[in-house]
Amino acid sequence: MYCRSLLLVALFAAPVVGQPQQSDPTKLTLDRMFASDDFKGEDVPSVKWLEGGAYTTLQPSKTQKGASDLVRVDSTGKSEVLVAAEKLVPPGTKEPIAVHGYELSKDLDLVLIFTNSVKVWRQNTRGDYWAFRRSTNTLTKLGGDAKPSTLMFAKVSPDGTRVGYVRENNIFVEPIAGGPATQLTADGSERIINGTFDWVYEEEFFCRDGWRWSPDGKQIAYWQLDTRGVKTFTLVDNTSGTYQSLKTFAYPKTGERNSACRVGVVAATGGATKWIDVPGDTRTDSYIPRMAWAGNSNELVLQRVNRLQNAVDVMLADVTSGRTRTALTERDGAWVDVHDDAVEWVEKGSAFTWVGERDGWRHLYVATRDGTTVRRVTSGAFDVIRVAHVSEKSGHVYYLAAPDNPTQHYLYRAALNGAGTPTRLTPADQPGWHDYDVSPDGEFAVHTYSSFGRPPRVELITLPEHKVVRTFATNDALRATVAKLAQTPVEFFQADAGDGVKLNGWLMKPANFDPAKKYPLVFHVYGEPAGQLVVDRWGGRQHLWHLMLTQQGYVVACVDNRGTPAPRGRDWRKSVYRKIGVLASADQAAAARDLLKQRPYLDATRVGVWGWSGGGSMTLNLLFRHPDLYRTGMSVAPVPDMRLYDTIYQERYMGLPQDNSEDYARGSPITHAAGLKGNLLVVHGTGDDNVHYQGAEKLANKLIELNKPFTLMAYPNRSHSINEGKNTSRHLYSLLTRYLNDNLPAGPK
């Protein structure tokens, strides 16, 4: 989805360190944000839950500089070192393995160490694995003669005796006690992918780890994708050598053929794969985005989604015969979301949980395994944002929701039988954004809390009391630094879009704001169904940049149009079906006009807009469709023509271009390029595998044809996030700041 880089900036971005802090603590500069430690937050431990509220985490080694010990911490806070860094020194070397990830067996004796990792599109999912046996203090490298950094998704078998992994698109099982690995698949290649996924499944369905041990450890279920027949796209790297290098990969654009996708089950000792009989042709009419064992070792549960993504079937598959039956169906006139928290087995395996929008709101349901009954658990005019935990022991479900304010997130608990009134567990005196990582027993959680302009606190709490056990990070120093900055309190507001539609927004004013003067207004936009911007939470470096603009004399505002994934009900989110780019830009323009009308201190002759990815597309649409309103726009990594984006994302919201070509054209900014009158900056990475630089060049051609002046900045070989390489982020935000200063003069009049 093309909002990914936009979401990254909501977290702490590690600055280039070593530069002196500027003398005035009230002022923000690009150097303070990008070349100092001034706004570096505290390190937060990554927790892996164990039983009874205990967890494991990595802590800096006291004896090995720069290395980590693996530590177990119990519910009282008492800790013990499970694996000291000095025990992870491979034979013939002097330095411990750098731990990029780890997994433990149930008895905590075997530890898989992931290291030497490399990025596969978005995440570092390929690397080397070592097995450390605590009882014998033995360290063994897995994969035999495998090339460096070629193993993926290693997992310990349920009995702790074997490890399975993906190696160069084939699946292997290797005994921990020693001996050769068993290769379970042999047809893996550049085009046939076993145990992981192609580009579009990873990007749009978040599919990466593509295989599962059966509960008894005797079988392995896995996805296979065959990209043969899928059209490819080539990225050109002109900077790494004397001659260009090419990177070609399967990328199905709208209306094109997808990879063939199927699910199979193979014995962990080897043998033939039994393929599951899922109706349809995944190259042309369907997808299989989710698969898991169905609470036992005899059946799988699959989610089959049709090509238009307006129908999902939850199917149970007999792994012996390969036959499937449908246990639940979900249909929608627009699209059906694929949820990660949808299926969890309850009632001794006779039923499962499901998240659906059957009454116009997103709620939790329980469906029987035989497909006869679907019972709603939560109810009311609100959305369940995310199911955090289902506890059959206590008879409750924990979920995130925001019944009264869609810009915030809070934790609630409700009875699994649907009786009674849900209880808000998040303290009433903590308005803002809360997230929870709940322990398997439902008695503890890692709680992260922030609000607009206030960095997060991270703590361990008990449930349902919400009592703080210990604090992982206060970020008090960062909060104090931010508090010293010259600023005015953020204002959350609602704008009138007409016909009774109210749009949520936030607005930041200059620190020395004078209501008798007029200020330039800069909008930050996104507007796609993949992301919500108007949220009451810490915004990291991007918030600081917006705050710097207010210090320069700009008013900065943001509005969420209809179609953004705010918890405002099904009709709100899906009103944009087949209207991407049309309804959203109309809402944004209506909100801008309403703000200008209601607030005389805003200068209607100095209105600007900027956005990244889907927000870059929105910026183009606003400049082209409403040139009388928006005078300057900065469009980063946009999609000027929706026909150029991938099948799964774009067709979900627009249908097939073969059936809907007029709406594709109507919603694409390039169609309306003749309307450009103001100042336009387009920024794009030439190595963007997600939103291709091809779109920027097609837009440039159209603007040249129309004799429209514009500025284009290409970042060589950078991806969609445009952050690779020394000083890249600093350079980009310097460019945006300079362009805004030059074309939309700052300060009051």
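What percentage of the 749 residues in the chain is made up of buried residues? Buried residues account for 59% of the 749, where buried means under 20% relative accessible area, exposed over 50% and partly exposed in between (1.4 Å probe, protein chains only). The model is predicted, so local features need pLDDT of at least 70 and side-chain atom pairs count only at pLDDT 80 or more, while totals for chains, interfaces and linings use all residues. Residues are numbered from 1 along each chain as its sequence is written, and side-chain values use heavy atoms, with hydrogens and water left out.

**Figure 1. The whole chain.** Twelve helices and 43 strands are present in the chain; helices (H or I, at least four residues) and strands (E, at least two) are DSSP runs numbered from the N terminus. The radius of gyration is 26 Å, close to the 27 Å that the globule rule gives for 749 residues, so the chain is as compact as a globular protein of that length. This radius is taken over C-alpha atoms, and the globule rule is 2.2 Å times the number of residues to the power 0.38. The C-alpha trace spans about 75 × 70 × 60 Å along its principal axes. Of contacts (heavy atoms within 4.5 Å) between residues at least 6 apart in sequence, 58% join residues at least 24 apart.

**Figure 2. The largest nonpolar core.** A nonpolar core is a set of buried Ala, Val, Leu, Ile, Met, Phe, Trp, Tyr and Cys residues joined through side-chain atoms within 4.5 Å. The largest one has 85 residues, of which Tyr201, Leu300, Trp545, Trp610 and Leu736 touch the most other members. Helix H12 (residues 728-743) gives the most to this core, with six residues. Beyond its neighbours within four places in sequence, Leu300 is in contact with residues including Val263, Ile276, Trp293 and Leu316. A second, separate core has 41 residues, among them Ala495, Phe523, Val525 and Trp572.

Figure 3. Strand S22 (residues 311-318) is mostly covered, with seven of its eight residues buried. Strand S21 (residues 299-306) pairs with S22 in the antiparallel sense over seven bridges; two strands pair if DSSP finds at least two bridges between them. Leu302 stands opposite Met315 in S22. The hairpin of S21 and S22 has four residues between the strands, and Gln309 in the turn has a positive phi of about 60°. S22 also pairs with strand S23 (residues 324-331), in the antiparallel sense over seven bridges, and Val314 stands opposite Leu328 in S23. Five residues lie between S22 and S23 in their hairpin, where Gly322 in the turn has a positive phi of about 85°.

**Figure 4. An open sheet of four strands.** The strands follow the order S24-S25-S26-S27 with antiparallel pairing. Strand S24 (345-346) and strand S27 (374-376) stand at the edges, each with a single partner strand, so one side of each is left without a neighbour in the sheet. Strand S26 (residues 363-368) is joined to S27 by three bridges. Arg376 in S27 is the bridge partner of Tyr365.

**Figure 5. Helix H9 and its surroundings.** Eight of the eight residues of helix H9 (residues 647-654) are buried, among them Tyr649, Arg652 and Met654. The buried residues of H9 pack against helix H3 (199-205), strand S20 (286-293) and helix H10 (661-667). The C-alpha atom of Arg652 is separated by 46 Å from that of Asp514, 138 residues away along the chain. Asp514 lies in the loop between strand S37 (501-508) and strand S38 (519-525) and is partly exposed, at 28% relative accessibility.

Figure 6. Most residues other than glycine have a negative phi, and most peptide bonds are trans. Ser613 is not a glycine but has a positive phi of about 65°; Ser613 sits in the loop between strand S40 (602-612) and helix H8 (614-625) and is buried, with a relative accessible area of 0%. Asn137, also not a glycine, has a positive phi of about 55°. The loop holding Asn137 runs between strand S7 (123-133) and strand S8 (138-141), and Asn137 is partly exposed, with a relative accessible area of 47%. The peptide bond from Leu463 to Pro464 is cis, with omega near 5°; Pro464 lies in the loop between strand S34 (454-462) and strand S35 (468-473).
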